[in-house]
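I opened the model to look up a few residues and some overall totals. The entries below follow the order in which I checked them.

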Amino acid sequence: MTSPTATKYDVFLSFRGVDTRRNFISFLYKEFVRRKIRTFKDDKELENGRRISPELKRAIEESKFAVVVVSVNYAASPWCLDELVKIMDFENKGSITVMPIFYGVDPCHLRRQIGDVAEQFKKHEAREEDHEKVASWRRALTSLASISGDCSSKCEDEAKLVDEIADKISKNLMTVTTISNGKNLVGIDTHMKALNKKLDLNSNKSLRVVGIWARGYNGRSALAKYVYQDICHHFDSHCFLGSVKRISQGRHLSHLHEEFLIRIQGSKHNLKDQKVLLVADDVYKLEQLDALAEDFNGFGPGSVVIITTQDKHLFVSAGIKLVYEVELLKFQKVCELFRQFAFKKRDISAAVKLVYYRATNLATNWLGCLSGRSG
């Protein structure tokens with residue numbers, strides 16, 4: 001497995017300065033700093049005259065989360081849209097988690113690109129000679145708006161919204177800090193050994209469909225992402241389709257095909273002649289699996305499809321026989337979490353709260369607290 005890029009920042013903050021720099025972003029950034037959340041904010045971190053793509057790309061790549069604050073004039077900025085394309089590229093690769101904040105905008109308008117967004121793109125198309133670039137902006141904005149995020153219109157108090165966002169980042173960092181390094185995951189070698197037998201990566205025979213079942217979404221998703229990053233280099237083209245449940249919500253099933261084409265890394269053409277890896281995370285309906293099958297049934301020899309779900313019956317209904325089941329860790333393992341984290345804290349009260357949070361959440365969701373068996 002290629003070594004993952006070291007994370008220098010916890011959060012990459014993307015925003016339109018003219019809308020939010022002196023108000024919302026100022027408060028949000030200050031709260032991140034107060035909580036010691038390492039945050040990249042381009043007008044602070046980059047020197048004047050050095051706002052170049054390689055440096056920006058590196059900052060995104062070296063971040064665990066991208067908090068994208070979409071305001072009224074965000075989509076009017078080519079710079080913001082270029083930034084968003086890079087963010088969503090890394091999100092598609094599974095190397096960063098994107099958290100959108102819809103600040104004074106309706107995510108439905110962004111997704112459908114109507115209203116002010118439509119006017120903004122008309123101007124882009126009139127000015128920009130590279131039509132493919134504008135198309136990539138549209139795709140990135142649509143993908144972003146498909147992710148569940150916080151809406152300022154639903155929160156009466158901006159200070160409360162800032163606190164909620166910072167809380168969410170802090171809690172997620174507890175999990176990501178450990179999950180980001182596969183060597184820290186309890187039993188990961190055992191998981192991979194069992195899964196590799198089912199994946200049979202050296203085979204050039206027909207398509208293999210492998211299921212991963214677990215109750216906790218975080219653990220299931222983390223395992224799927226780790227497997228994807230570990231084996232994707234064995235394939236001509238590969239795609240991590242994260243949170244199929246979220247992607248499909250309120251949309252026609254054809255949207256899954258569109259997402260697949262957006263996210264696939266490598267050639268989108270002649271897939272029947274290629275060895276392809278598709279990881280579809282959090283599938284919860286047979287209809288979603290059928291829709292995905294329209295794509296993966298056309299993959300070439302040696303291709304692998306990995307489906308994760310919390311519904312065992314889905315695999316039975318779909319006739320998927322290669323299934324890896326992940327059981328929850330026995331609860332006494334929580335004492336190890338206490339030793340590992342609590343006594344590093346000077347504030348014992350805060351330490352107890354931290355361990356309580358991790359115990360109640362990670363005991364059911366966290367991959368680091370999972371042991372597996374083949375089924």
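I began with Asp10, which I found in strand E1 (residues 9-14); strands (E, at least two residues) and helices (H or I, at least four) are DSSP runs, numbered from the N terminus. The model is predicted, so I kept in mind that local features need pLDDT of at least 70 and side-chain atom pairs count only at pLDDT 80 or more, while totals for chains, interfaces and linings use all residues. I also noted that residues are numbered from 1 along each chain as its sequence is written, and that side-chain values use heavy atoms, with hydrogens and water left out.

Asp10 counts as buried because its relative accessibility is 7%; buried means under 20% relative accessible area, exposed over 50%, and partly exposed in between (1.4 Å probe, protein chains only). Leaving aside residues up to four places away in sequence, I listed its contacts as Lys36, Ile37, Arg38, Lys64, Phe65 and Leu173, where contact means heavy atoms within 4.5 Å.

I then turned to Lys36, one of those partners, which sits in the loop between helix H2 (24-34) and strand E2 (39-41). Lys36 has a relative accessibility of 72% and therefore counts as exposed. Its phi is positive, about 60°, although Lys36 is not a glycine. Most residues other than glycine have a negative phi.

Where else did I note a positive phi in a residue other than glycine? Gln113 has a phi near 55°, and its place is in the loop between helix H6 (107-112) and helix H7 (116-127). Gln113 counts as buried, because its relative accessibility is 10%.

Glu156 lies in the loop between strand E5 (150-151) and helix H9 (158-179), and at 88% relative accessibility Glu156 counts as exposed.

Last, I wrote down the totals. The protein has 17 helices and eleven strands, and of its 375 residues 50% count as buried. Among contacts with a separation of 6 or more, residues 24 or more positions apart account for 80%. The protein exposes about 18700 Å², of which carbon and sulfur atoms supply 49%, with areas from the Shrake-Rupley method and a 1.4 Å probe.
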